[in-house]
Amino acid sequence: MKSSRPLWTPSSRRFPGLEADLHADVAVVGGGITGVTTALLLASAGKRVALLETRHLGAGVTGSTTAHLTEALDTRYHELESSFGAEGARLARASSRAAIEKISELATGIDCGFERVTGYLYADSDSQLSQLDAEVLAAERAGAQVRRINEIPLPLPVRGAVEFESQAQFRPLDYLAGLAERLAATKAQVYEGVTVLDVETKGQLRLQTSTGRSVTADAVVLATHAPFQGLQQQLELAQYRSYAVAGRVAAPFRGLYWDLADPYHYIRTVTIDGQHHLIVGGGDHRTGTIPEGGPAAPYWELDALAAKLGVPASERWSAQVAESADGLPFIGRLDSKVELYVAQGFAGNGMTFGTLSAMIICDALLGRDNPYAELYRPSRVKPLASAAAVVTENAETAAHLVAGHVKPVSDEPLEQLPIGEGRIVKSDGKKLAVYRDQDGALHAVSAICTHQGCQVAFNPMECSWDCPCHGSRFDIDGGVLDGPAKRPLEKHDVSQR
Ligand SMILES: Cc1cc2nc3c(=O)[nH]c(=O)nc-3n(C[C@H](O)[C@H](O)[C@H](O)COP(=O)(O)OP(=O)(O)OC[C@H]3O[C@@H](n4cnc5c(N)ncnc54)[C@H](O)[C@@H]3O)c2cc1C
Ligand code: FES
């Protein structure tokens, strides 16, 4: 069972490449929901904006999302209360609500299926009921309109649930295309197929790009989802693979549904060109590791949940989610010395957090106060937050960094490498990542990640080489699929081995 592709139809490239140096008030790097919304809000406020995207708009995680728009955050309210206090939890809730309302406002006039729906967080075992009860109280204290109920409007056996009023859903790429259309009508300059390789921060901010052209700017916004190579802050984020499956349903049902498993699962329906589809997501595990139950286990779990709703899955896909150690994203200026802004660590709430990032960063650049900026400040010091969580996340990363250099490699002859499989071998003292394709040909690349030197691991579901340290991913010929790595893995010839 391999991944296929997301349900959403990707747009093709419509903006030019960068052919000359230029200057902008604000350069935005990354054309997902975060970058496009940021560019649009800033351009609409009169800023000269340049948006640079390495592939095409929506080609990143935004093209693989499941697009629940919700205040029911991945980091539960009772956890937020203990890390950020009652006021922090209240602000997290209010800011997520503000983002849903901003999306509602921006979606007006865009044919993207935006609609208000009720959300249901449900317990399917008695042992989850205390967690559910803690959550309904904490969500209420945070200001959410919630209600404790015993049943949900889905044919699933549940022991109890919390109803979240007035959540929302949409079709993400149609929404993004609508925003891009509006952006194109402003004075903003949008470039696709342009990779930002480096951001010089000494003196004038300057972006070095893959085209050899550079962009200078008074401020830079990194909306790249993965941490940008070279920034210290990346060590506080961990990347996870997250999965989704979809299949046809006769009629859509209303609502967003999330269970309390760890990792959790979630459900919605969507109508695309008159056809109704069920989407079931979840099964997250750390990138570069094999999930419990084997590589295909997340898909089996999601298929089984879809089957309980009478739907055979026909599409399957996965992509990255980035999680911060304390459970809230980093949004805003990195430090007081440089006009460099980041927006990362959204976990499974990036539609709203990405939009919120645009609102916070836009206010900062326009000199306006934003009531949520302090909560998400990248350099935040959290008096109540558990330092242990940060240390654990970093320790795991550090452990992989070391283990990457000492892990045993396979000494089986390469002739025995089966079709469709990958293996780490040693050749002339170098560790190589070797894959045999469907035609029997071998593809060999360096097994050492170009980010910070960890050893990559084969991901049989995506046929990719994934790095467990900070989540970079590479295709079988070494090309970068996901950052923070920006350089490909070096190719090698093993035909003489
Ligand atoms: C399976 C799955 C389901 C999800 N479901 C939900 C959900 O239901 N609700 C929700 O709110 N969130 C959900 N999320 C999370 C959400 O989709 C993401 O957090 C969000 O899409 C991130 O948007 P972004 O714009 O920050 O990143 P992206 O969409 O990844 O955009 C970043 C862009 O930057 C570009 N880029 C990267 N590096 C460079 C560079 N050096 N130069 C130029 N361009 C660069 C990339 O090509 C990419 O297009 C889900 C995620 C996954 C994986
Ligand atoms: S992603 Fe950081 S070392 Fe590979």
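Strand S22 (residues 464-466) and strand S23 (residues 473-474) run antiparallel and are joined by two bridges; strands are DSSP runs of E with at least two residues, helices are runs of H or I with at least four, and both are numbered from the N terminus. Asp466 has Arg473 in S23 as its bridge partner. The model is predicted: local features require pLDDT of at least 70 and side-chain atom pairs pLDDT 80 or more, whereas totals for chains, interfaces and linings use all residues. Residues are numbered from 1 along each chain as its sequence is written, while chains are lettered from A and ligands numbered from 1 in the order in which they are written.

**Sheet**

- The open sheet has four strands in the order S21-S22-S23-S24, with antiparallel pairing; two strands pair if DSSP finds at least two bridges between them.
- Strand S21 (457-459) and strand S24 (480-482) are the edge strands, each pairing on one side only.

**Helix H4**

- The end C-alpha atoms of helix H4 (residues 172-184) are 18 Å apart, in agreement with the 18 Å that its 13 residues should span at 1.5 Å a residue; the expected span is 1.5 Å times one less than the number of residues.
- Because 10 of its 13 residues are buried, H4 is largely enclosed by the rest of the structure; a residue is buried if 20 or more other C-beta atoms, placed from the backbone, lie within 10 Å of its own.
- Among the buried residues of H4 are Pro172, Asp174, Tyr175 and Leu183.
- These buried residues of H4 pack against helix H1 (33-44), helix H2 (77-107), strand S7 (189-192) and helix H6 (350-365).

**Nonpolar cores**

- In the largest nonpolar core, of 128 residues, those touching the most other members are Val26, Ala27, Ala39, Val49, Leu52, Val220 and Val221; such a core is a set of buried Ala, Val, Leu, Ile, Met, Phe, Trp, Tyr and Cys residues joined through C-beta atoms within 7 Å.
- H2 contributes the largest share of this core, 11 residues.
- A second, separate core has 22 residues, including Val425, Cys454, Phe458 and Cys469.

**Shell around ligand 1**

- Ligand 1 is surrounded by 40 residues, of which Gly30, Gly32, Gly60, Thr65 and Gly350 are the closest; the criterion is a C-beta atom, placed from the backbone, within 6 Å.
- H1, strand S2 (49-53), strand S11 (237-248), strand S15 (315-324) and H6 each give two or more residues to the shell, and the largest share, four residues, comes from H6.
- The shell comprises 13 nonpolar, 24 polar and three charged residues; Ala, Val, Leu, Ile, Met, Phe, Trp, Tyr, Cys and Pro count as nonpolar, Asp, Glu, Lys and Arg as charged, and the others, Gly among them, as polar.

Methods: Buried ≥ 20, exposed ≤ 12 C-beta atoms within 10 Å, placed from the backbone. Contact = placed C-beta atoms within 7 Å.
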